[in-house]
Amino acid sequence: MKQIILNVDGMHCCGCENRIKNAVATVKGVINVDADHETGIVKLEICDDFDCTLAEDIINNLGFEVLK
């Protein structure tokens with residue numbers, strides 16, 4: 001298991017946090033998701049072989065922007 005931190009632009013409220021959490025949590029290999037709109041951070045606990053770009057794509061497709 002490993003943890004990654006993504007900086008996400010466009011989260012403005014708890015509803016935004018929940019949209020991201022609900023979408024990413026359903027992906028195989030994701031153990032836990034925590035999003036904070038105040039800091040713009042999404043923390044993921046994932047399996048070691050999980051492809052992080054999958055989570056980034058999901059977040060971007062929701063209308064947010066994962067900052068590099």
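Of the 68 residues in the protein, 37% are buried (under 20% relative accessible area, with a 1.4 Å probe and protein chains only). The model is predicted, so local features need pLDDT of at least 70 and side-chain atom pairs count only at pLDDT 80 or more, whereas totals for chains, interfaces and linings use all residues. Residues are numbered from 1 along each chain as its sequence is written, and side-chain values use heavy atoms, without hydrogens or water.

**View 1. Order of the elements in the protein.** Two helices and four strands are present (DSSP runs: H or I of at least four residues for helices, E of at least two for strands). From the N terminus on, their order is β-α-β-β-α-β. The C-alpha trace spans about 30 × 20 × 20 Å along its principal axes.

**View 2. Glu17 in helix 1.** Glu17 belongs to helix 1, which covers residues 14-25. Glu17 is buried but has no salt bridge (a side-chain nitrogen of Lys or Arg within 4 Å of a carboxyl oxygen of Asp or Glu). The nearest side chain of opposite charge, that of Lys21, is 4.5 Å away; Lys and Arg count as positive and Asp and Glu as negative, while His and the chain ends are not counted.

**View 3. Contacts of Glu17.** The side chains of Glu17 and His37 make a polar contact at 2.5 Å (a pair of N or O atoms within 3.5 Å, one able to donate a hydrogen and the other to accept it within protein; residues adjacent in sequence count only if both atoms are side-chain atoms). Leaving aside residues up to four places away in sequence, Glu17 touches Met11, Ala35, Asp36 and His37 (heavy atoms within 4.5 Å).

Notes: Buried < 20%, exposed > 50% of the residue type's maximum accessible area, 1.4 Å probe, protein only.
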